[in-house]
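Here is a short walk through one protein model, meant for someone meeting it for the first time.

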Amino acid sequence: MGGRADRHGRPVTFRPRRAWLALLGGLALLLASLSWSSAHVAGRTGYADVSLLGSTLRYRLTLGPDALAPLGGAYDSLPSLIARHVEIRADGTPCAPVPGGVAPPSAERASLVATVDYACPAGIERLTLRDDLVDRLGPDFHTLARIALPDAVRQFVFEPDRRVVEIALGTAEADPAPPMETSAAAFFRLGIEHILTGFDHLLFLGALLLRGGGLGSILGIVTAFTLAHSLTLALAVLRIVSVPPEIVEPLIALSIVYVAAENLLLARPSRRRWIEGFAFGLVHGLGFAGALLELELPREMLVWSLLAFNLGVEAGQLAAVALLLPVLAWLQRAGRGRRATTVLAATVLTAGLALLADRILLALG
């Protein structure tokens with residue numbers, strides 16, 4: 001029987017030690033992938049829609065699945081928790097919180113919406129909002145707030161080191177920074193966090209570049225992947241295209257399996273691997289969109305938030321590629337490129353198959 005041979009015609013033999021290394025590496029990646037299996041939701045970000053109606057200020061908070069984790073399923077207590085950790089003052093006088101209802105997660109919507117009404121004195125000239133939800137929902141939690149006042153709509157970000165904002169009604173005064181700049185910076189950072197904590201996206205990108213060829217070929221692959229996921233990210237967030245996560249998530253895992261298997265089985269990688277990057281990039285863009293869709297942002301915020309978020313994704317992706325390329329170049333220079341590729345591809349394939357099985361089971365369950 002004929003066996004596999006390397007590019008010099010020498011037979012390639014099975015090495016148990018290398019197979020065990022690949023298996024152990026795949027198990028390690030599997031554990032990581034399962035811990036990040038919900039990487040495409042809003043994460044530890046809340047969206048607060050605040051509106052002033054007369055002397056009543058309505059506070060509606062939307063939380064994605066990851067941000068809900070610290071509550072342990074006690075969703076009914078969220079309005080009371082908001083009332084305790086979000087303080088609103090009108091001209092220095094505390095507004096009385098009245099906890100309202102909760103729209104819990106459902107089969108159609110993974111996020112939760114809680115409402116609290118604050119009864120304030122009449123004739124408000126200055127509002128002060130203090131958000132201490134981070135003390136209950138975790139140190140990496142932050143709230144994106146849209147505050148609709150009679151004179152203007154303003155946007156702010158509440159974080160552990162930025163908890164208080166004062167707004168003078170009828171003037172442009174506000175602290176912290178200008179609304180658009182503050183909001184854009186928050187979505188930019190959200191995009192960076194999403195790609196750098198998106199285990200499956202990084203795994204796919206690494207597998208795609210593992211045998212990507214020279215620098216020109218690699219740039220073509222990254223560019224194609226970027227254009228594709230930017231396109232579907234925009235279409236999904238603007239709700240022009242809608243594909244259920246039960247379909248998107250297994251397809252993302254399948255993309256990892258496909259490229260890893262190709263790295264193992266083909267003697268030479270496809271010269272048109274950029275086509276694979278573009279095709280699978282369309283699917284990954286739908287996964288990226290989950291972070292914004294779960295926040296259920298109003299339409300007037302979508303364009304700016306989408307642009308800033310996508311720029312953050314690209315910045316994080318460039319950082320990941322910049323770290324990966326020297327490693328691949330070193331492996332080639334060390335003369336162990338094919339061996340390393342085999343072990344790494346087998347490792348990624350093991351993790352990809354396990355992730356695919358996990359997501360199929362979740363979709364069916």
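In this predicted model, the side chains of Arg-273 and Glu-276 form a salt bridge, with N and O 3.7 Å apart. The two residues sit three positions apart in helix H9 (residues 273-293), so about one helical turn separates them. Both Arg-273 and Glu-276 are buried.

The structure has 11 salt bridges by the rule applied here. Some of them join up: Arg-130, Asp-132, Asp-135 and Arg-163 are linked in a network. Within it, Arg-130 pairs with Asp-132, their closest N and O atoms being 2.9 Å apart. Arg-130 counts as partly exposed because its relative accessibility is 33%, whereas Asp-132, at 15%, counts as buried. Asp-132 also forms a salt bridge with Arg-163, again with 2.9 Å between the closest N and O atoms. This second pair links distant parts of the chain: Asp-132 is in the loop between S7 and helix H4 (134-137), while Arg-163 is in the loop between S9 and strand S10 (164-168), 31 residues apart. Arg-163 is buried, as is Asp-132.

A covalent link comes next. A search of the whole structure finds one disulfide, and it joins Cys-95 to Cys-120 with an S to S distance of 2.1 Å. Cys-95 lies in the loop between strand S4 (93-94) and strand S5 (96-103), and Cys-120 in the loop between strand S6 (112-119) and strand S7 (126-131), so that the pair, 25 residues apart, links distant parts of the chain. The torsion about the S-S bond is about 115 degrees, and the disulfide is therefore right-handed. Cys-95 is buried at 6% relative accessibility, and Cys-120 is buried at 9%.

The largest nonpolar core has 36 residues, and Tyr-59, Ile-82, Tyr-118, Leu-127 and Leu-133 have the most contacts inside it. A second, separate core of 28 residues includes Ile-218, Ile-221, Ile-256 and Leu-355.

Finally, the unreviewed UniProt entry annotates "transmembrane region" at several spans, including residues 186-210 and 217-241. In the model, residues 186-210 are 92% helix and 0% strand, with end C-alpha atoms 32 Å apart. Residues 217-241 are 84% helix and 0% strand, and their end C-alpha atoms lie 30 Å apart.

Key
Residues are numbered from 1 along each chain as its sequence is written. This is a predicted model: local features need pLDDT of at least 70, side-chain atom pairs count only at pLDDT 80 or more; totals for chains, interfaces and linings use all residues. Side-chain values use heavy atoms; hydrogens and water are left out. UniProt positions are given in the numbering used here, feature names are shortened, and annotations may be inferred rather than shown by experiment. Helices (H or I, at least four residues) and strands (E, at least two) are DSSP runs, numbered from the N terminus. A disulfide is a pair of cysteine sulfur atoms within 2.5 Å. Buried means under 20% relative accessible area, exposed over 50%, partly exposed in between (1.4 Å probe, protein chains only). A nonpolar core is a set of buried Ala, Val, Leu, Ile, Met, Phe, Trp, Tyr and Cys residues joined through side-chain atoms within 4.5 Å. A salt bridge is a side-chain nitrogen of Lys or Arg within 4 Å of a carboxyl oxygen of Asp or Glu.
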